[in-house]
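Here's a quick briefing to read alongside the model. Have a look at the structure first, then run through the points below.

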Amino acid sequence: MSIITVERKVLEKNDEIAAVLKKQFSDQRTVVLNLVSSPGSGKTTLLEQTLQALQGQVRMAVVEGDVQTDNDAKRIARYHVPVAQIVTHGACHLDAQLVRDAVSRIDLTGVQLLFIENVGNLVCPASYDLGEQHKIVMVSTTEGDDKPVKYPHMFRAADLCILNKTDLLPYVDFDKHQFRKNAEKINANLLFFEVSAKTGEGLQDWCQWLVDGTQTSGN
């Protein structure tokens, strides 16, 4: 038995379900963003700041992925948006069936923007389509600026890159110009945002991009 064959069949089944999700989201005119990163890059904090900034402007919902806990979903629930938690019990990524089950538990009627916070991992989530419109790779300045070189598949699969924790740039050995150069060598079409989810720096541009995206979707 070939392991490669098994993997291909798993991905083919995933892509079938992802295609169904994509049509569902398109019919509902819901923009779906799949947020991927290493653990600790600040995905949940960015979501909290985004939900707060766009509250009253954009109808949003969140699907949270975690290996063991529902801690992040509890944080997101404080912003009074529909939220569903997926606990993978050790699995290192979300797949389309898990997302399908999660969105069936929340009311997406009128939701313009659905965030999927993937499990912290820059390897496996690159291969799984979740029916999203955009895959967003997030890196923080406390990580190495060679992340794109180490994880090229993820940067190739993404169409947007967020550099977080820019407030720490004066204190860490991170060259943001080299980081961007490394990323653009792999994917010249990446759109970049530089933010500090802690101080709010750069969040205005990020939020405006989100608002523009929901207006384009027509919801």
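Trp 209 comes out as partly exposed, with a relative accessibility of 21%. Keep in mind that this is a predicted model.

**The tryptophan pair in H8**
- Trp 209 teams up with Trp 206 in a stacked aromatic pair, at 5.9 Å centre to centre and with 15 degrees between the planes.
- Both tryptophans sit in helix H8 (residues 203-217), three residues apart, or about one turn of the helix.
- In an α-helix there are 3.6 residues a turn, so residues three or four places apart point the same way.
- Trp 206 counts as buried, at 2% relative accessibility, while Trp 209 is partly exposed at 21%.

**The phenylalanines**
- Phe 155 and Phe 179 make an edge-to-face pair, because their ring planes meet at 75 degrees, with the centres 6.3 Å apart.
- This pair ties together distant parts of the chain: Phe 155 belongs to helix H6 (residues 152-157) and Phe 179 to helix H7 (residues 176-186), 24 residues apart.
- Phe 155 is buried at 0% relative accessible area, and Phe 179 is buried too, at 1%.

**Helix H4**
- In H4 (residues 96-103), the buried residues are Ala 96, Val 99, Ala 102 and Val 103.
- Looking down the axis of H4, these buried residues fall within an arc of 120 degrees, so they line one face of the helix.
- Asp 95 caps the N-terminal end of H4, with a side-chain oxygen 3.1 Å from the backbone nitrogen of Gln 97.

Methods:
Residues numbered from 1 in each chain as written. Predicted model: local features only at pLDDT ≥ 70, side-chain atom pairs only at ≥ 80, totals over all residues. Heavy atoms only, no water. Buried < 20%, exposed > 50% of the residue type's maximum accessible area, 1.4 Å probe, protein only. Helix = DSSP H or I, 4+ residues; strand = E, 2+ residues; numbered from the N terminus. Arc of directions from axis to C-beta. Polar contact = N/O pair within 3.5 Å; in protein donor to acceptor, adjacent residues only side chain to side chain. Phe/Tyr/Trp six-rings, centres within 6.5 Å; stacked < 30°, edge-to-face > 60°.
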